[in-house]
Structure formats: structure tokens, C-alpha cells
Amino acid sequence: MNKPLAPDYEALSPDCVLNALEAAGFEPDGRLMALNSFENRVYQIGLEDDGFVVAKFYRPNRWSDAAIEEEHAFTLALEEAEIPVTPPLSSGNETLHRHRGYRFAVFPRQGGREPVLESAENLAWLGRTLGRLHGVGRAIHFENRLQLMDAERVADAASHVVDAQFVPPHLEAEYRSISSVLVGLIHDRFAETHWPRQSIHGDCHRGNVLWTESGPHLVDFDDCCSGPPVADFWMLLDGDPEERSRQIEILLEGYEQFSEFDRSQLVLIEALRAARMIEYAAWIARRWDDPTFPASFPWFGQPRYWEEHLSNLADQVNRMKVSSSGYGFVH
């Protein structure tokens, strides 16, 4: 049984996907498998030569053409610098294709496994890769991508979940109060910390790192943006504060073989974490008319979720207040 599609994707049938690939100059053989993706629709597609490609159909009305083209240009520049990424394939001198109102890109299929970052060797290897990536990113200035450190956008996200009536009425006042305090702390931390204008991956967590015999391979640049280099580090860390401090030292040991790193950026970690907590909830709320979201996040509308979310935000306020120096890792 086919899952219902979001309104934006109602016309994106398997036939539409295969016809789009054919119209773009590829030769699909009819094999098609939907891959896990919430924001876009992504498919593995077999080709007549027995190979496979991955097609990403961009969510309508999310990014402008110029923003998508900057994403593609960034990954192509990284590939030219021999950094392990997967840029889109060009067909007819284009990487952004259109079919029946949809915009899509086609990528080589990239294998790999989940990274084992408990290994100091692997962590240093990933650090070297990020150092090289940021070396390229320093020379590329996005004009149409988001700026990651935008406290106003975080404030809008906090307001949205209330205005859209996702926060239970008995928790609304508490949510407004805690989120307002946290947004203020985020604003102050962003404002007081100097960081260079830098093009970064923007969503660099373990799920976007595939490990191969050749080491780490970075995928999914859909959220690439302008931000501080530390934003590509913190989601890779795990464990208690002492363990995360050890991990960041190993990662930076590899990183600094290729790029300088200003350790004053480390105090941004808790601010970046806080911003992601608020924006993640708003992201689900804004996509709630997509049937994939209620099915995948059934707990989102439950009071228990919002009680736990409020508790986590309150804890984050405390972390923000005490993490003003060092690594920003606190219990």
C-alpha cells in the first residue's frame, strides 16, 4: 500500500519520477526504491547499464533555484579539491533539472557504513577531512543560503509552535517564558562571539558521514550554509563532558593539520544545541500537513512530549548560563 503524499508531492508518482530521469538524459530501467528522507523525496533508481543513481526531488517552495545551485557549486568545488563528497551529476551541462513542476538532482549512489567515532584514529581522520572542507569553504561565500547563527530565526521558530497551537494550553505560558530566556541567551552568545564568514556543511551529524575503505565520505549538503566551523563538529561528539572534551581535542588535532581553528568558537556549542532544539520542534510543526510527519512523529502532539521538551529547554538554559568558557560542555 502506498503511503499518502504531502500536498507538495501529490503528483510525484513512480512514473513521474522515472519519466523525469529519462527527460533529464538518464536511462532508468524501471527499478525504483524510495529512500528515507523527510524534507525531500529521494529515490534509488536502476539504470539500463545495471548501475544505480540517487535522485533527490526538492521540496517545492523551500529553496530558491539560486540556493540549490549554490549547494551544487559547493559540492563540485569540494570534489575538485579531492574532498570525499558526492556532487550531483551533470546532464546537458545542468545539475538542477525540472519536470512537471518539480526540481531534482541526480547523484551517484554512494556506499558506506556508519562511522565508528569512538576510534581516535577515525575521529582524527574525520577532523582532517573537515579541515580540508573548511579550507575550501573559506573561499566560497554564499549569497542565497541561510546564515546558521540567526537568533531571530530561532525566535520565529519558538513563536510558530505556539501560534500553530501545538503547545498544550496549560504549558503555553511556561513555554513562552523559557523559550524567550533561551532565545535571549542564544542571541547574546552569537553576538559576543567572533566567527569568520564560512561556508560549512551545516548538518554534519553521524548520519551524514558514510565510512568507506578510503575513510569518511560526507553526504547530504541540503542544509549547507554560512556558519562557524564548530557547527560542523558538535553533533559528531558523544558521551559525558569529559569524553566530549577528549573527542574534540582528537578531532581538532586532525583538523588543524589543514585549517586553523579559533578555540573561542567552542563556547558556541551550547548555543547551537539550544537553537537546534527549538528549530527541530518548529520543523516538525511546519511539516505537519505532510502525512509522513504525523506517522513518523506520533508523540509530537502529546502533552508528555511538550513536558519533556520544556524540561530539556530549562536544562539548556542552565547549561547556557554556566558554559561561558572552555569547551562549553557541562553536566
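Mentor: An axis here is a line fitted to C-alpha atoms, for helices over the stretch in contact, and angles run from 0 to 180 degrees between N-to-C directions. The model under discussion is predicted.

Trainee: At what angle do helix 4 and helix 5 pack, and are they roughly parallel or antiparallel?

Mentor: The axes of helix 4 and helix 5 are 9 Å apart, and the angle between them is about 170 degrees. Angles over 145 degrees count as roughly antiparallel. With an angle of about 170 degrees, helix 4 and helix 5 are therefore roughly antiparallel.

Trainee: How do the residues of the contact of helix 4 with helix 5 divide into nonpolar, polar and charged?

Mentor: On the helix 4 side, the residues include Val154, Ala158 and Val162. On the helix 5 side, they include Tyr175, Val183, Ile186 and Phe190. Asp163 of helix 4 and Arg176 of helix 5 are also among them. The division is 10 nonpolar, two polar and three charged.

Trainee: Where does Arg100 lie, and is Arg100 buried or exposed?

Mentor: Arg100 has a positive phi near 50 degrees and is not a glycine. Its place is the loop between strand 4 (97–99) and strand 5 (102–108). The cut-off for exposed is over 50% relative accessible area. Arg100 has 58%, so it counts as exposed.

Trainee: How many disulfides does the structure hold?

Mentor: A disulfide needs two cysteine sulfur atoms within 2.5 Å. For Cys204, the nearest cysteine sulfur is that of Cys225, 11 Å away. For Cys225, the nearest is that of Cys224, at 7.2 Å. The number of disulfides in the structure is zero.

Trainee: Is Cys204 buried or exposed, and what is its relative accessible area?

Mentor: Buried means under 20% relative accessible area. Cys225, at 4%, counts as buried. Cys204 is also buried, and its relative accessible area is 1%.

Trainee: What span does helix 2 reach from its first C-alpha to its last?

Mentor: Helix 2 covers residues 65–80, which is 16 residues. At 1.5 Å a residue, the expected span is 22 Å. The model comes close to that, with a span of 22 Å.

Trainee: Which elements do the buried residues of helix 2 pack against?

Mentor: The buried residues of helix 2 include Ala67, Ile68, Glu71, Phe74, Thr75 and Leu78. An α-helix has 3.6 residues a turn, so residues three or four places apart point the same way. The packing partners of the buried residues are strand 3 (52–57), strand 5, helix 3 (120–137) and strand 6 (199–200).

Trainee: Which residue just after helix 2 takes a positive phi?

Mentor: Helix 2 consists of residues 65–80. Just after it, a phi of about 65 degrees is found at Glu82.

Trainee: Which helices do the buried residues of helix 7 pack against?

Mentor: Helix 7 (residues 269–286) reaches 25 Å, close to the expected 26 Å. Its buried residues include Leu272, Ala275, Ile278, Ala282 and Ile284. Their partners are helix 4, helix 5, helix 6 (241–255), helix 8 (292–296) and helix 9 (303–322).

Technical notes. Residues numbered from 1 in each chain as written. Predicted model: local features only at pLDDT ≥ 70, side-chain atom pairs only at ≥ 80, totals over all residues. Heavy atoms only, no water. Buried < 20%, exposed > 50% of the residue type's maximum accessible area, 1.4 Å probe, protein only. Helix = DSSP H or I, 4+ residues; strand = E, 2+ residues; numbered from the N terminus. Expected span 1.5 Å × (residues − 1). Contact = heavy atoms within 4.5 Å. Parallel < 35°, antiparallel > 145°, perpendicular 65-115°, else oblique. Nonpolar A, V, L, I, M, F, W, Y, C, P; charged D, E, K, R; others polar.
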